[in-house]
Amino acid sequence: MQNTAEDISNAASGHKANLSNPNTSEASKAHSKEVLENMPDQPFYGKEEQNVSKNPNQVAGGLKAAINNDSIPQSGKEKAQEKLDNM
């Protein structure tokens with residue numbers, strides 16, 4: 001296993017699931033708790049990492065889709081239009 005943010009997040013998710021699973025042993029839960037306590041306290045995905053890969057054309061397309069989607073409330077459509085106008 002590599003130590004990418006995704007790998008760390010997946011490992012944490014698995015250990016958290018193990019802690020809440022009634023079918024796992026107490027020894028397994030103790031191990032998962034120990035692993036989680038030794039993981040870094042920082043979030044695995046931050047704003048900087050998320051913003052790097054955003055394509056402005058795809059963002060604009062998503063906002064336009066939201067504006068024309070009948071299941072989106074009017075307030076959401078207005079926010080999408082504001083974001084699109086500010087691009």
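This is a predicted model: local features need pLDDT of at least 70, side-chain atom pairs count only at pLDDT 80 or more; totals for chains, interfaces and linings use all residues.
**Exercise 1. Find the accessible surface of the protein and the share of it that belongs to carbon and sulfur atoms.**

Step 1: the Shrake-Rupley method with a 1.4 Å probe gives about 6,900 Å² for the protein. Step 2: carbon and sulfur atoms hold 48% of that area.

Residues are numbered from 1 along each chain as its sequence is written, and side-chain values use heavy atoms, with hydrogens and water left out.

**Exercise 2. Work out the secondary structure pattern of the protein.**

Step 1: take helices as DSSP runs of H or I with at least four residues and strands as runs of E with at least two, numbered from the N terminus. Step 2: the count is five helices and zero strands. Step 3: along the sequence this reads α-α-α-α-α.

**Exercise 3. Describe how α1 and α2 pack.**

Step 1: α1 covers residues 5-20 and α2 residues 26-37. Step 2: with axes as lines fitted to C-alpha atoms over the stretch in contact, and angles from 0 to 180 degrees between N-to-C directions, the angle is about 140° and the axes lie 9 Å apart. Step 3: α1 is therefore oblique to α2 (under 35 degrees is roughly parallel, over 145 roughly antiparallel, 65 to 115 roughly perpendicular, the rest oblique). Step 4: for the contact (heavy atoms within 4.5 Å), α1 brings residues including Ala12 and Leu19, and α2 residues including Val35 and Leu36.
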